[in-house]
Amino acid sequence: MLTGIQALLLDISGVIYQGSQPVEGAAEVIEKARQKGLTVRFLTNTASKSSVQIVQELRSMGVSIEPQELFTAPRAACDLIDERGLRPYCILPDAIAAKFECYPPEQADAVLLGDAGDGLSYASLNQAFRLCQAGAPLIAIGMNRYYMSDEGLQLDAGPFVKALEWAAGTEAQVMGKPGRAFFYRAVASTGYQAHECLMVGDDIDADVLGALDAGIPAVLVRSGKYRPEDEQKLTSGGRVIDSLANLFD
């Protein structure tokens, strides 16, 4: 599985930690990967925490990480908005809202949607629908269906993005996994080719199938949001292990 691999691309939630608890053995495997000379990158669609919070949280769990090794969907969305000079109407969690200059509906020319939790109200989604129906582009921070928290599975932003796409007859520009551009950006930062990287994730669609679609070998872990039926979706180039702790077994 690791033959020819020079870099690891690691999902965070469900792979390195689950809810607020670290996955046993994950930090040790990351350190072992570095000792073997593997380049490590951390990829996440999480919008409920800032990049600083994510780095601090991982370090508190014993994971060695530098800020430049972290690739987040909110950062990719921010770059896109800056490049295109957009004025987004934002439905975002408070943790990252400050990163964006958000606009009231009457001034907005785009919609930015992330996993905003209770901020995903009928009123906010209806405002987003009206803007998209009038031609405003819909930008999604990831397309995850759900995630695992301490309380169990929780709906992520993906179902609401799909609802807006269907209702407004539009197609979202996805910043983050499973978008190819997001994977390509992370791969480029390693200095290696896609086939020399290995993606490890707990989300069969966003992490594993998304990576395979980008030409990156991928491994599904049986932790986090994993469900046994996920294995039936695996295509050529995909593998399954119990946990990140088993990567070198």
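This is a predicted model: local features need pLDDT of at least 70, side-chain atom pairs count only at pLDDT 80 or more; totals for chains, interfaces and linings use all residues.
Residues are numbered from 1 along each chain as its sequence is written, and side-chain values use heavy atoms, with hydrogens and water left out.

**Charge and ring**
- The charged end of K36 sits over the ring of F248, 5.4 Å from its centre, where the criterion is NZ of Lys or CZ of Arg within 6 Å of the ring centre and within 35 degrees of the ring normal.

**Buried loop residues**
- V15, in the loop between β1 (7-11) and β2 (17-18), is buried with a relative accessible area of 0% (buried means under 20%, with a 1.4 Å probe and protein chains only).
- Although V15 and G201 are 186 residues apart in sequence, their C-alpha atoms are 6.1 Å apart in space.
- Leaving aside neighbours within four places in sequence, V15 has contacts (heavy atoms within 4.5 Å) that include V23, A26, G201 and L244.
- D203, in the loop between β12 (197-201) and α8 (204-213), is also buried, with a relative accessible area of 6%.
- With the neighbours of D203 within four places in sequence left aside, D203 is in contact with N144, Y146, V208, L220 and K225.

Definitions and conventions. Helices (H or I, at least four residues) and strands (E, at least two) are DSSP runs, numbered from the N terminus. Buried means under 20% relative accessible area, exposed over 50%, partly exposed in between (1.4 Å probe, protein chains only).
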